[in-house]
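Some comments on the coordinates follow, as numbered points. Please read them alongside the sequence and the model.

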Amino acid sequence: MATESNPKRYAEEVDRISNLPECLLYDILSLLPTKQAVATSALSKRWKLLWTKLTVLDFQHSVTRNQDIGNNNGRMTFTHFVCNVLLLRKPLTVKKFRLALDSFDDSIHFHVSSWICYALDHGVEELELLLLFRKPFELPRRLFGCESLKIVTLYGDIVLNCPSSVHLPSLKDLRLGSKLCSNEDSFRSFLTGIPNLITFFIGRVRRDDVTAINICHPGLLFFCIQNKVPFPFKIEIDAPSLKCLSFFDGSGQDSLTTNIVKATFDLSEHKQQADEHDSCGHLLTELPSIQSLLVRHTKVQSLRFGFSLPMLNILRSLQFDVKCCKWHILPRLLESATNLEKLILHKVDTDGPHELCCWTEPPHVPKCLESCLRIISLVKFKSWEHDLEFVQFFLNNAKVLEKMGILTGLLDLAENSRILKKFSELPRGSSKCELFLLNG
């Protein structure tokens with residue numbers, strides 16, 4: 001016969017979280033927005049003051065969602081809530097300060113500046129700001145002299161007007177999705193004051209006053225720019241230590257100069273210029289040291305057939321992500337990469353059986369196939385007739401090919417085995433070539 005359970009005993013058994021060590025409770029609360037972390041103070045005496053010792057502060061507010069803070073007396077404004085939290089918390093270091101604020105009230109700029117200064121005064125290491133205002137927010141000057149900052153992320157209506165002297169010795173990761181500096185000199189002085197910068201991201205989604213950026217940094221390793229603003233925009237890079245570049249642009253008027261060994265280009269985003277030296281060809285001309293390249297061409301519009309590429313003699317690894325009827329670009333890439341050793345072909349659009357119908361064998365076999373191409377990976381390939389014809393060309397002409405991996409994207413093991421068997425029956429120009437299925 002079922003016995004009636006004791007609610008108090010049941011609660012004690014279920015509340016296992018409260019019995020965890022305080023250090024684990026702090027870690028758990030640090031994963032929550034600060035509003036929710038403060039709300040846990042009502043759970044029990046042990047929880048009452050836990051939030052006051054948190055070193056991660058995450059404030060989120062949107063006037064469009066009417067997000068006021070509830071308290072015993074009614075409603076508390078977001079401004080009062082943040083001020084009270086900063087006033088009542090223990091005077092501990094702030095490891096991370098995040099503020100996501102959407103407001104029509106520009107008078108809140110004063111409070112936002114004071115909250116940022118609070119974080120700076122408490123040795124903040126990671127600062128993340130997402131600010132949507134009618135009037136752009138200008139960062140407090142003290143931020144540009146903070147020695148504790150290691151990671152800075154700025155998104156939204158934020159103007160990055162730098163002082164003449166910038167000193168951010170600990171900053172290693174910088175992500176800008178906001179309005180950039182009002183002039184090139186300001187931006188150059190900004191980077192000069194970040195001697196240990198490793199990762200740099202720029203995202204432009206709205207027009208600003210900048211038409212050119214000069215990235216000059218001796219220690220920068222990773223640089224990514226996403227430019228969605230359809231206005232002329234020029235980039236010049238002088239970064240001898242740079243190892244990885246990701247570049248997505250729609251203006252078609254860019255110039256890069258650097259010793260880059262790995263790069264990503266999205267041809268879908270490049271507008272074709274009037275002359276034959278289109279933007280992508282020009283970009284690659286400026287990258288003579290490139291060793292690894294990822295090329296995407298996934299939009300409906302085609303590059304004109306006058307598309308040209310420079311010789312990429314140092315290129316060793318090429319990945320080509322392509323939509324149907326864009327395969328005419330591939331032979332030109334292979335002809336340019338005379339020392340290519342690894343090739344990854346990724347079909348992005350696999351809705352029908354005719355993705356490779358535009359593929360025609362080039363009049364001359366690219367040099368890399370006959371002398372150095374050793375690894376080929378095929379992603380989203382099946383065993384349709386056009387697939388088989390396409391793969392046959394590579395198996396026939398890749399004389400030193402050692403491995404060909406196939407990832408079909410299918411979950412059916414029997415169908416995968418059938419596809420592999422189809423490819424395995426094709427004649428090969430290399431006696432060392434091994435065909436196998438790749439794991440997705």
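1. F81 is a residue of helix α4. In this predicted model, is F81 buried or exposed? Its relative accessible area is 7%, and the cut-off for a buried residue is under 20%, so F81 counts as buried. Between F81 and K35 the sequence separation is 46 residues, while their C-alpha atoms lie 8.5 Å apart.

2. Helix α4 covers residues 78-88 and packs against α5, which covers residues 109-121. Which residues make the contacts? On the α4 side they are F78, T79, V82, C83 and L86; on the α5 side they are H111, W115 and Y118.

3. Two packed helices are described by the angle between their axes and the distance between the axes. For α4 and α5, the axes come within 11 Å and the crossing angle is roughly 20 degrees. Angles under 35 degrees count as roughly parallel, so α4 and α5 are roughly parallel to each other. The crossing of this pair is left-handed.

4. The largest nonpolar core contains 66 residues. Those with the most contacts inside it are F59, F97, L99, V112, F200, I215 and F223. Helix α5 contributes six residues to this core, the largest share. In soluble globular proteins, nonpolar side chains tend to be buried together.

5. What does F97 touch, leaving out residues up to four places away in sequence? The partners are L57, F59, W115, A119, V124, E126, L127 and E128. W115 also takes part in the contacts between α4 and α5, and F59 is listed with F97 among the core residues with the most contacts.

6. There is a second, separate core of 42 residues. Among its members are C372, F381, A398 and M404.

7. F187 sits in helix α6, residues 184-192. With a relative accessible area of 4%, against a cut-off of under 20%, F187 is therefore buried. P163 is 24 residues away from F187 in sequence; the C-alpha to C-alpha distance is 9.9 Å.

8. Finally, the chain as a whole. The protein chain has 440 residues, of which 48% are buried, and its secondary structure comprises eleven helices and 20 strands. Of the contacts between residues at least 6 apart in sequence, 61% join residues at least 24 apart.

How values were computed: Residues numbered from 1 in each chain as written. Predicted model: local features only at pLDDT ≥ 70, side-chain atom pairs only at ≥ 80, totals over all residues. Heavy atoms only, no water. Helix = DSSP H or I, 4+ residues; strand = E, 2+ residues; numbered from the N terminus. Buried < 20%, exposed > 50% of the residue type's maximum accessible area, 1.4 Å probe, protein only. Contact = heavy atoms within 4.5 Å. Core = buried A, V, L, I, M, F, W, Y, C linked by side-chain atoms within 4.5 Å. Axes fitted to C-alpha atoms, helices over the stretch in contact; angles between N-to-C directions. Parallel < 35°, antiparallel > 145°, perpendicular 65-115°, else oblique. Left-handed = near helix turned anticlockwise from the far one by under 90°.
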